[in-house]
Amino acid sequence: DKNYDCRTLKVDKEQWRRVNGKAMTNAVEQWWDLKAQYNDCILLFKTGKFYEIYQQDADIGVKVLGLIYMKGHVAHCGFPEVSYGVFANRLCCAGYKVARIEQTETPEMLKLRKKKDKSAKVV
């Protein structure tokens with residue numbers, strides 16, 4: 001395929017449903033949508049005051065950064081936001097690309113969005 005980009009990843013959401021017995025949560029879907037576009041990067045996903053690392057990226061975080069897996073059914077680890085510089089530098093020095101995904105919605109923006117759209121979900 002002439003449009004193939006080896007830096008990307010195809011995520012089959014129906015296959016996910018069959019394997020896991022349920023659909024992806026909004027946050028998981030958002031993570032996989034980003035991972036599909038930036039498969040060649042370690043995604044550091046900002047959640048509150050922490051950076052979360054999921055799936056195959058979490059395996060690298062445990063191995064390279066010495067992090068510990070969090071409980072749950074998927075590989076998952078993380079670190080406080082104040083440690084971003086140190087950990088991002090370690091990953092880059094180990095030869096990895098790092099993509100930082102920041103939250104852009106403030107608590108006030110969330111309240112306004114929820115007021116306008118009662119079905120709005122936090123991701």
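1. The lining of the second largest pocket divides by class into 10 nonpolar residues, four polar residues and one charged residue. For these classes, Ala, Val, Leu, Ile, Met, Phe, Trp, Tyr, Cys and Pro count as nonpolar, Asp, Glu, Lys and Arg as charged, and the others, Gly among them, as polar. The lining has 15 residues, and Trp16, Thr25, Val28, His73 and Val74 are the ones that lie nearest the centre of the pocket. A pocket here is found on a 1 Å grid over the protein atoms alone: it is an open set of points where a 1.4 Å probe fits, with protein on both sides within 12 Å along at least five of seven lines, and lining residues have an atom within 4 Å of a point.

2. The model is a predicted one, in which local features need pLDDT of at least 70 and side-chain atom pairs count only at pLDDT 80 or more, while totals for chains, interfaces and linings use all residues. Residues are numbered from 1 along each chain as its sequence is written, and side-chain values use heavy atoms, with hydrogens and water left out.

3. How much space lies in the second largest pocket? The value is about 240 Å³, where a volume is the space filled by probe spheres set on the grid points, and points are joined across faces, edges and corners. Helix H1 (13-20) and helix H2 (26-37) each give at least two residues to the lining of this pocket. H2 supplies the largest share, four residues.

4. On the chain as a whole, there are five helices and four strands. Both are DSSP runs numbered from the N terminus, with helices being H or I of at least four residues and strands E of at least two. Along the sequence the order is α-α-β-β-α-β-α-β-α. The C-alpha atoms fill a box of roughly 45 × 40 × 30 Å, taken along the principal axes.

5. The chain has 123 residues, and 28% of them count as buried. Buried means under 20% relative accessible area, exposed means over 50%, and partly exposed is in between (1.4 Å probe, protein chains only). Among the contacts in the chain with a separation of 6 or more, 46% are between residues 24 or more positions apart. Contact means heavy atoms within 4.5 Å.

6. Two helix pairs deserve a look. Helix H3 (residues 55-65) packs against helix H4 (residues 84-93) at an angle of about 95 degrees, and their axes are 10 Å apart. This makes H3 roughly perpendicular to H4. Axes are lines fitted to C-alpha atoms, for helices over the stretch in contact, and angles run from 0 to 180 degrees between N-to-C directions. Angles of 65 to 115 degrees count as roughly perpendicular, under 35 as roughly parallel, over 145 as roughly antiparallel, and the rest as oblique. On the H3 side the residues are Ile60, Val64 and Leu65, and they meet Phe87, Arg90 and Leu91 in H4. By class, this contact has five nonpolar residues, no polar residues and one charged residue.

7. The second pair is H2 and H3, whose axes come within 10 Å and cross at roughly 80 degrees. H2 and H3 are therefore roughly perpendicular to each other. Trp31, Trp32 and Lys35 of H2 make the contact with Gln55, Gln56 and Asp57 of H3. These residues divide into two nonpolar, two polar and two charged.

8. Is glutamine 55 buried or exposed? Glutamine 55 counts as buried, because its relative accessibility is 17%. This residue is in helix H3. The phi angle of glutamine 55 is near 50 degrees, a positive value in a residue other than glycine.

9. Strand S4 (residues 97-101) holds arginine 100, and isoleucine 101 also lies in S4. Arginine 100 has a relative accessible area of 44%, so this residue is partly exposed. Isoleucine 101, at 17%, is buried. Not counting residues up to four places away in sequence, arginine 100 touches Leu44, Tyr51 and Tyr84. With its neighbours within four places left aside, isoleucine 101 is in contact with Leu34, Leu43, Leu44, Phe45 and Lys46.

10. Aspartate 12 lies in the segment before H1 and counts as partly exposed, at 38% relative accessibility. Aspartate 12 and tryptophan 32 are 20 residues apart along the chain, and their C-alpha atoms are separated by 9.8 Å. Isoleucine 101 and lysine 115 are 14 residues apart in sequence and 25 Å apart in space, C-alpha to C-alpha.
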